[in-house]
Amino acid sequence: MNEESDRKVVRGLKDVAAAETRISFVDPKGYLYYLGYNIDDLVGRVTYTEVAYLLIHKRLPNQQELDEFCTDLISEMKLPNAMVKCIWDTPGHVHPMDVLRTEVSRLGEYDIEYKDLSEAANMRRATRLIAQVPTIVATLHRSRMGQPVPAPRKDFGFAENFLYMFEGYPPKEDEADVLHRLLILHADHGFNASTFAARVTASTNADMYSAATSAIGTLRGPLHGGASEKVMEMLNDIGLEKYVDEYIQGLLDEKMKIMGFGHRVYMAEDPRTKHLRGIVENLCHQKRTLDLYNKCIKIEEIVHQRKNIYPNLDFYAAVAMDALGVPKEFFTPFFTSSRIAGWVAHTIEQYEDAVLLRPSSKYVGEFGRTFVPIEER
Ligand code: COA
């Protein structure tokens, strides 16, 4: 018998604290804090750029620092021409998250200071990643429409530039406001699966691009960031509002998961939901958004009544992104464009912690099997 076979398995690592962090706190009672600030005090009062600064510098910027950070981000948004070509050359059937995963990895090839792993170089790298992930997403979206990406404008903020480059026209004030709220709400969330993946990679002293690539691959799954796309597929599949009850009850009867519901940590409603529901309510002057919203409210009631669980981030975020004109296959890339700030902040924190993240396992396989040479098998 081996020592590992006596170990107790914590299935899904539920409630296991894998490291200390100062970046964000997911309070099961239904609160979320970024560096000690309740997100309720940030949403609608700060820009996404301030939150990105907060995550990597661990404090809010003053006006001058914010202006400089915004200038740095905008000047870093441009991608190497060879990368733009690669993005244009991707086959149209490939999911945008697959392209994003590859292209973020490729960014590492263009890092001219790749040998410099100092704190200062990592901070520059973090800024570049926060700037360039949205550009990859915008470039892919525009390329699929056969359109080039407009160059970022110095008179727009960073988030406004993202939407401008994605859509190809300057965002209206209310669209920019929605975008800031969305990006802030997606920016970080404790030791979620993708952040943990980034930290595991960083814990081997691998570079930041490798950590971000691991995280993207992890975010893509429908139990994590891929859920928002599934939410929209479900809402489309339901059809008219009058079919909601039958559809959802049917899924629950079959013990199926309702996408955009449930959470590993929150015992109460996800604190981001009220903000996202509010964003969607404000966009209900659009007929499509109103129809989707009405379906969502009904689904919420049914799922809560039957399973006593609440919507998570991805439920109303799907409708909010749809209202902004984002196609559903770009929902998770949009999520990534914000969460990259959390990932790089956690990667830096993991480098500071300087410990290899390597759990054990409980071996439940066989021992003492008799070896049989291949010619006798
Ligand atoms: N729909 C229906 N029931 C759900 C559910 C959902 N979305 N999420 C959880 N439940 C139920 C489970 O069936 C289980 O019920 P039971 O005890 O009667 O068997 C219970 O709630 C616990 O669920 P479990 O899957 O064990 O929780 P978890 O902590 O392992 O999973 C999620 C958390 C997020 C993976 C899970 O809620 C889920 O799959 N949600 C849908 C995907 C999603 O929206 N992901 C985005 C997360 S932010």
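Predicted model: local features only at pLDDT ≥ 70, side-chain atom pairs only at ≥ 80, totals over all residues.
Phe166 and Phe330 are both buried (under 20% relative accessible area; over 50% is exposed, and partly exposed lies in between, with a 1.4 Å probe and protein chains only). Residues are numbered from 1 along each chain as its sequence is written, and side-chain values use heavy atoms, with hydrogens and water left out.

**Aromatic pairs**

- Rings of Phe, Tyr and Trp (its six-membered ring) pair if their centres lie within 6.5 Å; planes under 30 degrees apart are stacked, over 60 edge-to-face, and the rest tilted.
- By this rule there are 12 aromatic pairs.
- Phe166 and Phe330 make an edge-to-face pair, 5.7 Å centre to centre, with 75° between the planes.
- This pair links distant parts of the chain, 164 residues apart: Phe166 is in helix α7 (residues 158-167), and Phe330 is in the loop between α15 (313-323) and α16 (331-353).
- Helices (H or I, at least four residues) and strands (E, at least two) are DSSP runs, numbered from the N terminus.
- Phe166 also pairs edge-to-face with Phe334, at 5.1 Å centre to centre and 85° between the planes.
- Phe166 has 0% relative accessibility, so it counts as buried.
- Phe334 is buried too, with a relative accessible area of 3%.

- How many of the 10 residues of α7 are buried? The count is 10 of the 10, so the helix is largely enclosed by the rest of the structure.
- Among the buried residues of α7 are Phe158, Glu160, Asn161, Tyr164 and Glu167.
- The cover over these buried residues includes α2 (48-57), α3 (63-76), α6 (119-144), α8 (173-186) and α16.
- Gly168 follows α7, and its phi is positive, near 90°.

**Charged side chains**

- The charged end of Arg153 sits over the ring of Tyr164, 5.7 Å from its centre (the rule asks for NZ of Lys or CZ of Arg within 6 Å of the ring centre and within 35 degrees of the ring normal).
- Asp98 lies in helix α5 (residues 96-107).
- Asp98 is buried, with a relative accessible area of 19%.
- The side chain of Asp98 makes a polar contact with the side chain of Arg220, at 2.7 Å (N or O atoms within 3.5 Å; within protein, one must be able to donate a hydrogen and the other to accept it, and residues adjacent in sequence count only if both atoms are side-chain atoms).

**The sheet**

- Three strands form an open sheet in the order β1-β2-β3, with antiparallel pairing (two strands pair if DSSP finds at least two bridges between them).
- β1 (24-27) and β3 (37-38) are at the edges with a single partner strand each, so one side of each has no neighbour in the sheet.
- β1 and β2 (residues 31-34) run antiparallel and are joined by four bridges.
- Val26 stands opposite Leu32 in β2.

**Domains**

- The domain assignment gives domain 1 (18-223 + 327-353) and domain 2 (227-323); such bounds come from an automatic or database assignment.
- The C-alpha centres of domain 1 and domain 2 lie 26 Å apart.
- Their contact takes 26 residues from domain 1 and 28 residues from domain 2 (contact means heavy atoms within 4.5 Å).
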